[in-house]
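User: I'd like to go through some helix packing and a sheet in this one. Can you take me through it?

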Amino acid sequence: MFNRIKNKVLTAVALDQPALPSGPGHQAYGGGSSTGGGRGNTNKDYDAGGKRLPKKFQYARPPFLQLLTYDELKASADHNVRPIIVPRDISLLPWNTGYAECVNSGKSKWNEDQAAFHRQVLSHPSKQYHDLPYTYFGIYDGHAGYGAALAAANQFHYILHEKLVDIIDLLMPRVESENGFAMPLHATLPHPSLFHKQVSKDELIVGALEAAFADMDAVLAEDRDKYRNAGGCTALVALFILGKLFVANAGDSRGVLCKRVKRRKLPPPQRAECNGATTGGAGEPEDEKAEDEFEVVAEPCSFDHTPDTERPRLLTVGKHNPALLGGEYIAMEYAKKPTTKDLGARILYRQGAMKGWTYKTLTATDLKIPLITGVGKRSRLLGTIGVTRGFGDHDLKALGSNLPIKPFLSAHPDVVCFDLCQVRSEPADENSDGEYGLLVMATDGLWDVSESQQVANTVFGTLKRFPAERHRYTMVAQELVARSRGRANESGHWRLSDSRAAATVDDISVIVIPVYQYYQEYCEWTRTVAARNQMRTAATSVVEAVSEAELAKEPRIATNETSSSSESEPPEEGQEAENNLNTINLQPVAGKTVPMGLADALPAK
């Protein structure tokens with residue numbers, strides 16, 4: 001009894017909770033340094049002269065949540081309650097997209113996740129191309145502070161827009177010209193004759209995303225001497241453009257396209273009776289039969305980048321750059337952990353990009369710390385960080401040494417493309433969300449305790465309970481966050497509701513995007529483009545008809561113009577014309593060749 005009361009008192013006063021900011025009059029609402037999740041920590045908040053560097057962006061939650069006051073921010077960061085925050089006005093998000101988030105249980109002062117969306121239009125200055133709309137969503141999981149995630153949420157969309165503007169001439173559908181020619185929306189673009197390859201629009205968009213990721217990381221590198229340390233962050237971006245979905249990921253956040261599709265038709269199972277007759281599945285309720293026609297599928301849109309999943313790349317970097325290991329680490333992987341007792345014995349190992357295993361004789365050098373330790377989500381690079389791609393971390397050092405980690409990290413994303421025009425839809429089924437899918441984008445706070453298939457089942461289970469609710473996608477996001485957050489027990493530990501397993505203690509952010517809503521918007525845009533082309537074609541036909549009518553009158557007008565122009569010719573031009581006429585009528589002189597004139601060319605009478 002005493003221990004129970006003691007635990008409740010400790011939970012109430014929250015001795016492990018960081019001090020909150022002093023109030024709204026304070027210059028900044030709070031810091032943001034934390035070691036969270038084994039991802040390392042840096043502390044470069046001062047310049048060379050000892051002056052404290054300013055923050056580039058003031059801490060805030062995503063604008064569409066409308067948490068504008070200090071008290072609202074303070075309440076959203078309550079580590080004991082861990083409230084689930086959803087948008088007050090879902091109309092601020094396109095297509096009634098759902099969003100929900102939850103702060104961590106105390107590992108960092110503030111929620112270090114960030115989310116953003118932007119709807120933009122690409123317009124060509126010459127007006128030779130149709131305006132091309134696109135929509136971007138981004139979710140960023142910060143570590144060692146919220147600065148990098150906050151910077152990416154505020155800046156990445158500008159960088160991406162610049163990259164799309166660079167390819168505007170090749171990306172946009174051309175307005176129909178007078179001859180009726182227009183470039184198809186999904187054509188393969190011929191490169192200028194200077195090059196020898198053809199580049200598709202998909203490759204142009206993928207290149208824009210890859211370049212934008214690299215530039216965002218470069219911006220953080222430039223800012224580290226101007227602004228307070230930003231730490232690092234993962235990046236998961238979804239781009240809807242030209243009827244396609246592009247998902248770019250760098251880090252361990254994850255995107256999953258949750259679908260509900262028809263099962264393959266199989267013959268009904270036969271059951272033998274005592275009299276030898278067979279019966280099928282008679283007697284089953286119609287609702288169960290209808291439900292059995294469909295199956296829920298979780299289609300991956302990204303792949304986690306951890307030391308375990310990127311082991312070949314990291315070992316290759318260490319193998320070819322031994323100076324990065326500082327003589328303390330070794331870029332090898334062993335089938336079993338070697339000890340001093342194994343010296344001189346043969347041991348299975350692999351290094352670099354090797355997929356298989358081979359033997360070597362163990363030496364003292366092999367007893368150094370492996371570059372990668374642990375497996376799965378517990379794997380660590382240089383014993384420090386558990387994620388290997390993303391933005392920032394330019395000043396991150398390995399724990400216990402001064403070795404830089406950034407040379408092993410990468411901002412390069414994996415990009416996956418889905419062509420929504422290829423989806424086979426049956427309107428009679430009223431299963432648009434199932435056929436086109438719901439894109440779930442979430443930080444690792446969700447995926448640490450949930451499998452992709454479990455998330456997909458939760459998505460359509462929630463939609464089934466609220467089929468016509470306007471806020472149903474927000475309800476889906478809220479349900480996903482609630483399941484992964486779990487509930488706090490009497491000891492203050494968070495446990496999953498459906499089991500006694502530990503719930504996530506990390507920040508959780510979830511976006512649920514109804515892909516079909518975008519596809520409807522895209523179809524409307526294509527119809528608008530086609531209608532404008534028809535109007536221009538009709539206008540061109542009228543202009544051509546008028547031109548032909550004017551050309552029919554042109555000979556008579558030309559005769560009048562000739563007579564009038566001869567009367568008003570200048571003296572020099574008149575004299576030249578008279579000389580030409582005289583030249584034509586001259587008789588040839590004996591012994592000289594004279595150019596034949598018009599009179600000579602005429603047939604003799």
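Analyst: One definition to start with: a crossing is right-handed if the near helix is turned clockwise from the far one by less than a right angle, and left-handed if anticlockwise. Note also that this is a predicted model.

User: What is the handedness of the crossing of α3 and α5?

Analyst: α3 and α5 cross in a right-handed way.

User: And at what angle do they pack, with the axes how many Å apart?

Analyst: The angle between α3 (residues 147–166) and α5 (residues 201–223) is about 135 degrees, and their axes are 9 Å apart. The two helices are therefore oblique to each other.

User: Which residues in α3 and α5 meet?

Analyst: On the α3 side they include Ala148, Phe156, Ile159 and Lys163. On the α5 side, Leu209, Phe213, Asp215 and Met216 are among them. By type, the residues of this contact are 15 nonpolar, one polar and two charged.

User: Switching to the sheet. What is the strand order?

Analyst: The order is β1-β2-β25-β22-β9-β12, in an open sheet of six strands with antiparallel pairing. At the edges are β1 (84–85) and β12 (294–300), each pairing on one side only.

User: How many bridges join β1 to β2?

Analyst: Two bridges, and the strands run antiparallel; β2 covers residues 98–102. Ile85 is opposite Glu101 in β2.

User: Which strands does helix α10 lie across?

Analyst: α10 (residues 452–465) lies across β9 (254–262), β12 and β22 (438–442). Relative to β12, α10 runs at about 130 degrees.

Note on methods
Residues numbered from 1 in each chain as written. Predicted model: local features only at pLDDT ≥ 70, side-chain atom pairs only at ≥ 80, totals over all residues. Heavy atoms only, no water. Axes fitted to C-alpha atoms, helices over the stretch in contact; angles between N-to-C directions. Helix = DSSP H or I, 4+ residues; strand = E, 2+ residues; numbered from the N terminus. Parallel < 35°, antiparallel > 145°, perpendicular 65-115°, else oblique. Contact = heavy atoms within 4.5 Å. Nonpolar A, V, L, I, M, F, W, Y, C, P; charged D, E, K, R; others polar. Pairing = 2+ DSSP bridges.
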